[in-house]
Amino acid sequence: MKHFSNDAVLIGLGLKNQHADQILQSDSNLPDFFEVHAENYFNSGGLNHAVLKRIAENSRLSVHGTGLGLGNHCGIEDSHLENFKRVIDEYKPLLVSEHLCFTQAVINGKRIHTGDLLPLVRNNAALNICINNIDKVQNAIGRTILVENICHYLELDGHEFEETEFLNEICRLSGCQLLVDINNVYVNGTNFSQQGGLQFARHWLSQINPRYIGQYHVAGSSDSTVNGLVVDDHGSQVQEDVWALLRYAGQHHGLAPTLIEWDTQVPDWPVFALEAIKARQLLNGLVRHD
Amino acid sequence: MVWYVMISAQQELLSSILAAAPNESAGMSVYIGNRRAVAVRAFSSLFPTVQHLLGDAFNSAVLLFIQQNPPESAEITLWGAGFASWLEQQEELISYPYVAAVADLEWRIGELERAADTTIDLPSFQLLQELSPNELRVVVNQNSMLLNNFLPVYNIWKFHQESFDMRDLHNLNNSICDPNYVEYLCISRIDWKVNVFEINKNEFDLLLMCRRGDSLGDIIVELTRIELSFSDWLVRMLKVGAILGYSAK
């Protein structure tokens, strides 16, 4: 496959519709893989599948889910899992991932979707629920899933675990791996930690067991805030602090496939592609040549 | 007890977001805003012409709809199911019944865009040489739908597409003013683009016969009665994407 890099690290970009033409016509400067959101491909046919199949002829893919709800107390919806499996079976991606959050709850006897990735109270009951849900998903799709840490906008009561401890335990007990979203940690630290985003995130990263890390996400947040809170809107280029944290993670935990997310106010392809080049230069600088 | 607390915590958090009370905390404001933004973005994509028709009222309509019909699916493209029926029931739109009808048309277009691909079955045309018309039936394109309206839904929808020819404005005005107006539509997809064709009543009735599984022989009898040639009809039906080929009855 002509666009594979010989570098030590795989760099990926989120696949955006507006870039598809340029990607298909490009002969060079493509990332090592593209990430797609699983739910965008639940439909049975149509143009989006046709385009993705063409892109997949020359590029590897990562399938990233947003709706399974690995932390749902009401469990994983069977129909959603079937669709998720169908996308994975169709495209045989390099990586498969989802979020550690809840996305549905039963209200008045109906499963209602949250429209967002909502945080969990990290206690033993939640740990068991997550393990059961992750087991169900991994058994259904026949492979290991990467579980992503989310950005949260509320500080919940009742935690029995620190977030990093909870994530490590989930990996230990379920056999899944981690998708460490560095920007999410940074935004959480900016919003809720006295230490600020950078210091909070460095400490957070130091607590993660490196053998569980399967992938990194980096992203930028636009300058707008909501009632003083920074929102993880994936709406700008990656900030310097987040690049620094990626460097820190690479130095201390080793390298892993790294994806740059940009989902709102998406720039033209050359600007987005430049983010992949920055990531590659940063991480190649960490590669030890023995 | 811990299980109950956890169930309760997730239900309580989601209930608070759905209620979207004023003066919520900063964090709740983010979640409430995110959910609304996701809905408005999705519905803008699913119902672009309805958005034009409703203007500033579109966002409020979407938010009221999802408040009254909280989405159950993580597939955001499915959140729009039922929106057209809901619009039809809104008192504010009683004088504008075409808004709900256009929403229904756009929803059907979206369904066909997402449907499994179909292709014309060229080898099946060989059956015309091998079997008699009474032994054959027409295979209807499963990515096609028939609609008939007593409002100029098609012309109103067409007016808001980039391809609209301003020379057709006269037709639009006439159709809006015609108390006896009726239209017959075939919506179909063969390749990637969904097309909407205005067809006449005879074509509509013939397609209903095809959908019923009537034999090609019966269809030819009907074509003869209305003095339409089989080959002209076949070419037209292929053009509007209504049929894919033939099969033995």
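Predicted model: local features only at pLDDT ≥ 70, side-chain atom pairs only at ≥ 80, totals over all residues.

**Entry: a helix pair**

I looked up helix H7 (residues 197-206) of chain A and helix H8 (residues 240-253) of chain A. Their axes come within 10 Å and cross at roughly 20°. That is under 35 degrees, so I put H7(A) and H8(A) down as roughly parallel to each other. I checked the hand of the crossing too, and for H7(A) and H8(A) it is right-handed.

Next I asked which residues meet there. From H7(A) I listed Leu198(A), Ala201(A), Arg202(A), Leu205(A) and Ser206(A). Across from them, H8(A) brings Asp241(A), Leu245(A), Tyr248(A), Ala249(A) and His253(A). Sorted by class, this contact has six nonpolar, two polar and two charged residues.

**Entry: chain A against chain B**

Then I turned to the two chains. I found 44 residues of chain A in contact with 36 residues of chain B. The area buried between chain A and chain B comes to about 3,300 Å², and carbon and sulfur atoms give 68% of that. On the chain A side, His73(A), His113(A) and Leu154(A) lose the most area to chain B, together 17% of what that side buries.

How many salt bridges are there between chain A and chain B? I get a count of one. I tracked down a salt bridge between the side chains of Glu72(B) and Lys110(A), at 3.5 Å from N to O.

Notes
Residues numbered from 1 in each chain as written. Chains lettered and ligands numbered in written order. Heavy atoms only, no water. Axes fitted to C-alpha atoms, helices over the stretch in contact; angles between N-to-C directions. Helix = DSSP H or I, 4+ residues; strand = E, 2+ residues; numbered from the N terminus. Parallel < 35°, antiparallel > 145°, perpendicular 65-115°, else oblique. Left-handed = near helix turned anticlockwise from the far one by under 90°. Contact = heavy atoms within 4.5 Å. Nonpolar A, V, L, I, M, F, W, Y, C, P; charged D, E, K, R; others polar. Buried area = accessible area lost by both parts, 1.4 Å probe. Salt bridge = Lys/Arg side-chain N within 4 Å of Asp/Glu carboxyl O.
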